Structures are given as C-alpha cells and as structure tokens.
Amino acid sequence: MAELFYDDDADLSVIQSKKVAIIGYGSQGHAHALNLRDSGVDVVVGLREGSSSRAKAEEQGLNVATVADAVRSADVVMILAPDQVQRRLYAEEIEPNLKDDAAIFFAHGFNIRFGYIKPSAGHDVAMVAPKGPGHTVRREYEAGRGVPVIVAVEQDASGNAWDVALSYAKAIGGLRAAGIKTTFTEETETDLFGEQAVLCGGVSALIQNGFEVLTEAGYQPEIAYFEVLHEMKLIVDLIWEGGISKQRWSVSDTAEYGDYVSGPRVITPDVKENMKKVLDDVRSGAFAERFINDQDAGGPEFKELRSRGENHPIEATGRELRKLFAWTETRDADYVEGQVGR
C-alpha cells in the first residue's frame, strides 16, 4: 500500500519561512501561486519578457518578475513550464541564477527522469503534483477542500527535502485530501503510459475506430457520434464515481452483458501486448527522445499528427451536433472549435 500524508504530517511554517518562485502561470501555475499566497507564503511568479500571463498574475495581486529575477530571490523554485521548454529554460535562466542551496520543485518528473535537467548535488529536488487540473486545485482550495497530490524527493541535499515538500503540498491544499508518496521514476513512467495507452491515445483511437466502423457500415454519422463519443462521458463519470463496478451496476443488463462478452473481443491479448511495448518505449526513454527531437525540429511530426486528428470526420460531426447542446459550454475562453494548432 502507498504511504499517505495528511495535514497533520506537515508543518506549514516550513514553507512560510521561504520565498517561492513559481515559474509559469498556466493551469497549474496560477493555482500553485494563489494557493501558496493565501496560505501565507511569500510568492513571486517568474515569467519571460512579454508573456501574456503577466497581466493575469498582476490582476490577482501577485508579484511578477522575470524568470531570472524570480529565481535569484527564491529559496524554492517550482518549475511549471511545458516539458519541452523546461531544459532550455533551466539552462539559460534558472540554473545560472539559483541560490546555492535553493530547492528545485517539479509537478511532473519528465525532465529529471530522462536526464534533460541535471541539478547539481547541492540542491534539493522534489515533486508536488496535484492529481487534477489547476482550476480544480484552486476551486477546491477556496472551498476548504483539496485535490490529492503525489509527492516525491529525488535528491535530499539539505536533509530536509521531505519537510519542505510536504509543507508545500499542505500550502496548496493537497494534504487536505492526501499526499501519496512516490518517486520521480514511478510518476513519470505511469503518467506517460496512462496518457498514451489509455486516457488519451487509447480512448481517442477507440472512439475514432468505433465511429469509422459504424459510418462505413452505412449508419448516419450523427447517430454514430452519439453512440461512441457523446455517451462516453456518462460512462466515464460513473467509473470515476464508483469504479467499473458502479458503471456496470448503473447500465442496463443488456449493456452489462455486452460489456462482458464483447469487451474482450475488442481489447484482445494483442492489445495488452501492444500496451507493454508502449510501456517499454516510455521506460527506455525512446518516447521521450522522439518527442524532444521532434520539438527541437519545430514539431513537424507533432503538427502533422495534430492536424490529422483534428480533421477526422468525427470532429466535423461533433462541431455541428454540439450546437444543439444548450446545456454545455466551454470552460476555456481561448479554445476555438475547428482551429487546427494552438
């Protein structure tokens, strides 16, 4: 069983005695910065010159500085920039300006696990990673609750890295729910595998293939959309609430029986073997290398795959059908339906 930590296991005054630099002000960055501030922590947000996030942070009353200046004054530096950006940001703006004994924090272990960032021996290296999107982390904190976090220490130079990490986790509200002890390796490998084999890659491919099977058999694309995509949320919500057992309890006997007899016909032992190959690529670093090399080249493969996905027939069908859903609204003001790229 995993080791769990709660509020009583952490001393909030540890992080309150330090200055924390939050590098980045995206989904997680804004939640960490605001929750820390509201927990009595001295916070500065580090952003590159010209960042569109500066105004957002300043509107919240946060202290904003360049990345270099934020790092120079910080005892703890939490790096919340995208994975592919972190190593250059670290080499050019963070590492040269770090205090000798500053702690370096992450919310995902990618760059440490695969060696793209290699802090010197004098720095604590830790992870505090909420298991939820930033807006949920912030909302739950404001409601007096918290989103569970996973916590790891890769390098304990000071001998107090765990104290600092748990105090940080408490300050963002994570230990109100629970902190789960892990390692950078475990977090990174399971996270990448889950995204690729199940949550993003697996589910997306399953939906697209189901849509193609029905439309190629002559069924209307609108009906196919409802049956393989729209109703997915109903099923996932039930699984999220009470596991697969609650989903099976909630659906009809016909659906439950079909689950048992047809699920294994679709997800065959070959699929499990392919999942193992995905995990092998994650663990060996092959996926990380492919991703970083492509990003360094400007992302040609990434952009081609994104365009192919966004131009799949199910997307055009969905755009029209969602106009009929008066009860839904996007939570992301900067997302534009049908816009290829970011």
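Ile94 touches Ile23, Val67, Val71, Val77, Ile79 and Leu89, leaving aside residues up to four places away in sequence; contact here means heavy atoms within 4.5 Å. This is a predicted model, where local features need pLDDT of at least 70, side-chain atom pairs count only at pLDDT 80 or more, and totals for chains, interfaces and linings use all residues. Residues are numbered from 1 along each chain as its sequence is written, and side-chain values use heavy atoms, with hydrogens and water left out.

**Nonpolar cores**
- Ile94 is among the residues with the most contacts inside the largest nonpolar core, which has 63 residues; Ile22, Leu36, Val77, Phe105, Val128 and Tyr168 are the others listed.
- Helix α8 (residues 161-171) gives the most to this core, with seven residues.
- A second, separate core has eight residues, including Ile207, Ala224, Tyr225 and Leu321.
- A nonpolar core is a set of buried Ala, Val, Leu, Ile, Met, Phe, Trp, Tyr and Cys residues joined through side-chain atoms within 4.5 Å; buried means under 20% relative accessible area (1.4 Å probe, protein chains only).

**Strands around β6**
- On β6 (residues 103-106), Ala103 and Phe105 point one way, Ile104 and Phe106 the other, and all are buried.
- β6 runs parallel to β5 (residues 76-79), joined by four bridges, with Phe106 as the bridge partner of Ile79.
- β6 also pairs in the parallel sense with β7 (residues 125-130) over three bridges; there, Val125 is the bridge partner of Ile104.
- Pairing takes at least two DSSP bridges between two strands, while helices (H or I, at least four residues) and strands (E, at least two) are DSSP runs numbered from the N terminus.

Key:
Buried < 20%, exposed > 50% of the residue type's maximum accessible area, 1.4 Å probe, protein only.
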